[in-house]
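Dear colleague,

Please find below the structure that I am handing over to you. A short account of the findings follows it.

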Amino acid sequence: MNNINRIQLCQYLFRSLDVPEEFDGFRFIFICDIHHGRCFPAKNLRGLVTLVNAMKPDAILLGGDYVDHDPECIVTFFKEAARFSAPVGVFGVLGNHDRRTDADLSLECMKESGITLLDNDAVWVERGGERIRLGGVGDLWTTTQDIRPMLKGTRKEDLMILLSHHPDFAELLPSDKIDLMLCGHTHGGQVSFLGKWIPPWPGSAKHKYLTGIMKEGDTTVIISNGVGTVGPPVRVFAKPQIWEITLKREAEVPIQ
Ligand SMILES: [Fe+2]
(Lines give C-alpha, C1' and ligand atoms only; values in the text may rest on other atoms or scores of the structure.)
Protein backbone atom coordinates (compact mmCIF):
# COMPACT_ATOMS: atom_id res chain seq x y z
CA MET A 1 0.00 0.00 0.00
CA ASN A 2 1.19 3.54 -0.74
CA ASN A 3 2.18 5.47 2.34
CA ILE A 4 1.57 9.21 2.43
CA ASN A 5 4.52 9.68 4.79
CA ARG A 6 6.81 8.87 1.84
CA ILE A 7 5.52 11.76 -0.26
CA GLN A 8 8.24 14.19 -1.21
CA LEU A 9 7.37 17.90 -1.08
CA CYS A 10 8.93 19.64 -4.11
CA GLN A 11 9.14 23.38 -3.60
CA TYR A 12 9.64 25.67 -6.58
CA LEU A 13 9.92 29.42 -6.87
CA PHE A 14 8.52 30.43 -10.24
CA ARG A 15 10.17 33.72 -11.19
CA SER A 16 8.69 35.87 -13.91
CA LEU A 17 8.15 39.54 -14.55
CA ASP A 18 4.66 38.53 -15.73
CA VAL A 19 3.75 37.84 -12.07
CA PRO A 20 1.60 40.83 -11.05
CA GLU A 21 2.66 42.62 -7.86
CA GLU A 22 -0.48 41.48 -6.07
CA PHE A 23 0.48 37.86 -6.80
CA ASP A 24 4.07 38.14 -5.61
CA GLY A 25 4.24 35.31 -3.06
CA PHE A 26 1.04 33.58 -4.25
CA ARG A 27 1.48 29.93 -3.32
CA PHE A 28 -0.34 26.88 -4.61
CA ILE A 29 -0.13 23.11 -4.31
CA PHE A 30 -0.16 20.89 -7.39
CA ILE A 31 -1.20 17.25 -6.91
CA CYS A 32 -1.81 14.58 -9.53
CA ASP A 33 -2.09 10.84 -10.17
CA ILE A 34 -3.52 9.94 -6.79
CA HIS A 35 -5.07 6.76 -8.25
CA HIS A 36 -7.44 6.17 -5.34
CA GLY A 37 -8.23 2.44 -5.13
CA ARG A 38 -7.05 -0.66 -3.35
CA CYS A 39 -3.45 0.61 -3.14
CA PHE A 40 -4.41 4.16 -2.15
CA PRO A 41 -7.50 3.71 0.04
CA ALA A 42 -9.84 6.37 1.46
CA LYS A 43 -7.83 6.49 4.68
CA ASN A 44 -4.74 7.66 2.76
CA LEU A 45 -6.81 10.08 0.76
CA ARG A 46 -8.18 11.61 3.97
CA GLY A 47 -4.62 11.97 5.26
CA LEU A 48 -3.50 13.60 2.01
CA VAL A 49 -6.33 16.17 2.09
CA THR A 50 -5.54 17.01 5.71
CA LEU A 51 -1.82 17.31 4.90
CA VAL A 52 -2.41 19.68 1.97
CA ASN A 53 -4.97 21.83 3.81
CA ALA A 54 -2.52 22.22 6.72
CA MET A 55 -0.05 23.82 4.30
CA LYS A 56 -2.58 26.64 3.86
CA PRO A 57 -2.01 27.25 0.13
CA ASP A 58 -3.74 30.09 -1.71
CA ALA A 59 -5.05 27.59 -4.26
CA ILE A 60 -4.97 23.84 -4.93
CA LEU A 61 -4.53 22.49 -8.47
CA LEU A 62 -5.31 18.88 -9.35
CA GLY A 63 -3.78 17.22 -12.40
CA GLY A 64 -6.05 14.21 -12.99
CA ASP A 65 -5.98 10.41 -12.64
CA TYR A 66 -7.83 10.49 -9.35
CA VAL A 67 -8.75 6.78 -9.52
CA ASP A 68 -7.25 3.59 -10.84
CA HIS A 69 -10.14 1.81 -12.59
CA ASP A 70 -13.06 1.38 -10.18
CA PRO A 71 -16.14 3.61 -10.74
CA GLU A 72 -17.05 3.38 -7.03
CA CYS A 73 -13.73 5.03 -6.26
CA ILE A 74 -14.76 8.07 -8.32
CA VAL A 75 -17.55 8.68 -5.81
CA THR A 76 -15.34 8.17 -2.76
CA PHE A 77 -12.51 10.20 -4.24
CA PHE A 78 -14.58 13.32 -4.81
CA LYS A 79 -16.36 12.89 -1.47
CA GLU A 80 -12.97 13.18 0.23
CA ALA A 81 -11.60 15.74 -2.25
CA ALA A 82 -14.50 18.07 -1.43
CA ARG A 83 -12.60 18.76 1.80
CA PHE A 84 -9.64 20.34 -0.07
CA SER A 85 -9.73 23.92 1.05
CA ALA A 86 -7.97 27.05 -0.20
CA PRO A 87 -9.16 30.67 -0.25
CA VAL A 88 -8.84 31.14 -4.02
CA GLY A 89 -10.30 27.70 -4.77
CA VAL A 90 -9.61 24.18 -5.93
CA PHE A 91 -9.24 23.57 -9.69
CA GLY A 92 -8.53 20.47 -11.76
CA VAL A 93 -8.49 18.54 -15.01
CA LEU A 94 -9.37 14.90 -15.59
CA GLY A 95 -6.86 12.23 -16.57
CA ASN A 96 -7.12 9.20 -18.84
CA HIS A 97 -8.03 6.91 -15.92
CA ASP A 98 -10.91 9.18 -14.86
CA ARG A 99 -12.33 9.35 -18.36
CA ARG A 100 -11.84 5.67 -19.16
CA THR A 101 -13.34 4.54 -15.85
CA ASP A 102 -16.44 6.76 -16.19
CA ALA A 103 -16.13 10.22 -17.71
CA ASP A 104 -19.72 11.30 -16.99
CA LEU A 105 -19.55 10.16 -13.37
CA SER A 106 -16.18 11.90 -12.90
CA LEU A 107 -17.58 15.17 -14.29
CA GLU A 108 -20.70 14.91 -12.15
CA CYS A 109 -18.84 14.10 -8.92
CA MET A 110 -16.23 16.78 -9.55
CA LYS A 111 -18.95 19.39 -9.96
CA GLU A 112 -20.69 18.26 -6.76
CA SER A 113 -17.39 18.43 -4.87
CA GLY A 114 -17.03 22.15 -5.65
CA ILE A 115 -13.80 21.65 -7.63
CA THR A 116 -13.68 23.83 -10.75
CA LEU A 117 -13.16 21.75 -13.90
CA LEU A 118 -10.62 23.32 -16.28
CA ASP A 119 -10.75 20.80 -19.16
CA ASN A 120 -10.66 23.12 -22.22
CA ASP A 121 -11.63 26.01 -20.01
CA ALA A 122 -10.03 28.85 -18.05
CA VAL A 123 -10.71 31.42 -15.36
CA TRP A 124 -9.19 34.71 -14.26
CA VAL A 125 -8.00 34.74 -10.66
CA GLU A 126 -8.22 38.30 -9.37
CA ARG A 127 -6.53 39.99 -6.45
CA GLY A 128 -6.34 43.70 -5.64
CA GLY A 129 -7.31 44.75 -9.15
CA GLU A 130 -4.74 42.49 -10.84
CA ARG A 131 -5.26 39.07 -12.32
CA ILE A 132 -3.63 35.87 -13.59
CA ARG A 133 -5.01 33.31 -16.03
CA LEU A 134 -5.55 29.73 -14.91
CA GLY A 135 -6.74 27.13 -17.38
CA GLY A 136 -6.50 23.61 -18.65
CA VAL A 137 -6.86 21.28 -21.60
CA GLY A 138 -8.48 17.87 -21.92
CA ASP A 139 -6.37 14.75 -21.58
CA LEU A 140 -4.29 14.04 -24.69
CA TRP A 141 -5.28 10.36 -24.95
CA THR A 142 -8.95 10.32 -24.12
CA THR A 143 -10.53 13.59 -25.22
CA THR A 144 -9.97 16.81 -27.19
CA GLN A 145 -7.65 19.69 -26.36
CA ASP A 146 -8.86 23.20 -27.01
CA ILE A 147 -6.61 25.96 -25.78
CA ARG A 148 -8.69 28.81 -27.22
CA PRO A 149 -10.64 29.42 -23.97
CA MET A 150 -7.29 29.77 -22.18
CA LEU A 151 -6.01 32.33 -24.68
CA LYS A 152 -9.22 34.32 -25.02
CA GLY A 153 -8.76 37.98 -24.09
CA THR A 154 -5.17 37.49 -22.90
CA ARG A 155 -2.01 39.45 -23.63
CA LYS A 156 1.57 38.14 -23.79
CA GLU A 157 2.35 39.90 -20.49
CA ASP A 158 -0.42 38.11 -18.58
CA LEU A 159 0.75 35.35 -16.28
CA MET A 160 -0.77 32.14 -17.63
CA ILE A 161 -0.76 28.76 -15.87
CA LEU A 162 -2.00 25.72 -17.77
CA LEU A 163 -2.98 22.30 -16.43
CA SER A 164 -2.58 19.33 -18.77
CA HIS A 165 -2.72 15.79 -17.44
CA HIS A 166 -0.45 14.50 -20.20
CA PRO A 167 2.95 16.21 -20.54
CA ASP A 168 3.35 15.52 -24.28
CA PHE A 169 0.88 18.37 -24.91
CA ALA A 170 3.83 20.70 -24.22
CA GLU A 171 5.13 19.94 -27.72
CA LEU A 172 1.76 20.84 -29.21
CA LEU A 173 1.37 24.19 -27.46
CA PRO A 174 0.22 26.56 -30.18
CA SER A 175 1.14 29.67 -28.22
CA ASP A 176 4.19 31.18 -26.58
CA LYS A 177 1.90 32.95 -24.09
CA ILE A 178 1.80 30.06 -21.59
CA ASP A 179 4.24 30.78 -18.76
CA LEU A 180 3.87 27.63 -16.70
CA MET A 181 2.43 24.23 -17.58
CA LEU A 182 1.73 21.62 -14.90
CA CYS A 183 1.45 17.94 -15.79
CA GLY A 184 1.56 14.44 -14.39
CA HIS A 185 0.66 11.09 -15.92
CA THR A 186 4.17 9.62 -16.12
CA HIS A 187 4.60 8.79 -12.39
CA GLY A 188 8.23 9.69 -13.08
CA GLY A 189 8.43 6.27 -14.71
CA GLN A 190 7.17 4.71 -11.41
CA VAL A 191 9.78 2.02 -11.76
CA SER A 192 12.91 3.30 -13.44
CA PHE A 193 16.62 2.73 -13.38
CA LEU A 194 18.35 5.71 -11.75
CA GLY A 195 15.35 7.82 -12.79
CA LYS A 196 16.35 7.56 -16.46
CA TRP A 197 15.57 4.29 -18.18
CA ILE A 198 12.04 3.00 -17.75
CA PRO A 199 10.61 -0.24 -19.00
CA PRO A 200 7.90 0.26 -21.66
CA TRP A 201 4.51 0.58 -19.98
CA PRO A 202 1.13 1.76 -21.19
CA GLY A 203 1.31 5.11 -19.40
CA SER A 204 4.63 6.17 -20.82
CA ALA A 205 5.15 9.61 -22.28
CA LYS A 206 8.16 10.80 -24.24
CA HIS A 207 11.21 10.48 -22.06
CA LYS A 208 11.79 14.18 -22.59
CA TYR A 209 8.78 14.68 -20.34
CA LEU A 210 9.40 12.01 -17.73
CA THR A 211 9.77 14.12 -14.60
CA GLY A 212 10.97 17.45 -13.24
CA ILE A 213 11.25 20.94 -14.70
CA MET A 214 12.10 21.80 -18.30
CA LYS A 215 11.55 24.48 -20.91
CA GLU A 216 9.50 24.12 -24.08
CA GLY A 217 9.89 27.41 -25.95
CA ASP A 218 8.90 30.17 -23.52
CA THR A 219 6.94 27.77 -21.31
CA THR A 220 8.28 26.25 -18.10
CA VAL A 221 6.95 22.69 -17.86
CA ILE A 222 6.73 20.87 -14.53
CA ILE A 223 6.04 17.13 -14.57
CA SER A 224 5.17 15.67 -11.20
CA ASN A 225 5.80 12.04 -10.27
CA GLY A 226 2.30 12.07 -8.76
CA VAL A 227 1.16 10.44 -5.56
CA GLY A 228 -0.24 6.97 -6.24
CA THR A 229 0.63 4.04 -8.45
CA VAL A 230 -0.90 1.87 -11.15
CA GLY A 231 -0.30 -1.87 -11.13
CA PRO A 232 1.81 -3.00 -8.18
CA PRO A 233 2.22 -0.29 -5.50
CA VAL A 234 5.93 -0.02 -6.16
CA ARG A 235 8.09 2.97 -6.99
CA VAL A 236 11.80 2.81 -7.72
CA PHE A 237 13.79 6.04 -8.33
CA ALA A 238 10.45 7.83 -8.67
CA LYS A 239 9.31 9.03 -5.27
CA PRO A 240 5.70 10.14 -4.85
CA GLN A 241 5.47 13.92 -4.97
CA ILE A 242 3.34 16.93 -4.38
CA TRP A 243 4.51 20.33 -5.59
CA GLU A 244 4.37 23.62 -3.75
CA ILE A 245 4.85 26.46 -6.23
CA THR A 246 5.32 30.08 -5.20
CA LEU A 247 5.05 32.91 -7.72
CA LYS A 248 7.77 35.53 -7.56
CA ARG A 249 7.82 38.82 -9.44
CA GLU A 250 11.44 38.65 -10.50
CA ALA A 251 13.41 38.16 -13.72
CA GLU A 252 13.47 34.52 -14.80
CA VAL A 253 16.53 32.46 -13.91
CA PRO A 254 17.56 29.93 -16.61
CA ILE A 255 16.87 26.31 -15.66
CA GLN A 256 20.12 24.43 -15.05
FE1 LIG B 1 -2.58 9.23 -16.76
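Donors are N, O and S atoms within 2.8 Å of the metal (3.2 Å for Na, K and Ca), and water is not among the atoms, so sites may look incomplete. This is a predicted model, in which local features need pLDDT of at least 70 and side-chain atom pairs count only at pLDDT 80 or more, while totals for chains, interfaces and linings use all residues. Residues are numbered from 1 along each chain, and side-chain values use heavy atoms, without hydrogens and water.

The iron ion has the protein donors D65 (OD), N96 (OD1), H165 (NE2) and H185 (ND1), at 2.1 to 2.2 Å from it. D65 lies in the loop between strand 3 (59–62) and helix 2 (71–81), whereas N96 belongs to helix 3 (residues 96–113), so the pair ties together parts that are 31 residues apart in sequence. Helices (H or I, at least four residues) and strands (E, at least two) are DSSP runs, numbered from the N terminus.

Elsewhere, six strands form an open, mixed sheet in the order 6-7-8-9-11-10; two strands pair if DSSP finds at least two bridges between them. Strand 6 (121–127) and strand 10 (212–216) are at the edges with a single partner strand each, so one side of each has no neighbour in the sheet. Strand 7 (residues 130–136) and strand 8 (residues 160–163) run parallel and are joined by four bridges. R133 has M160 in strand 8 as its bridge partner.

Yours sincerely
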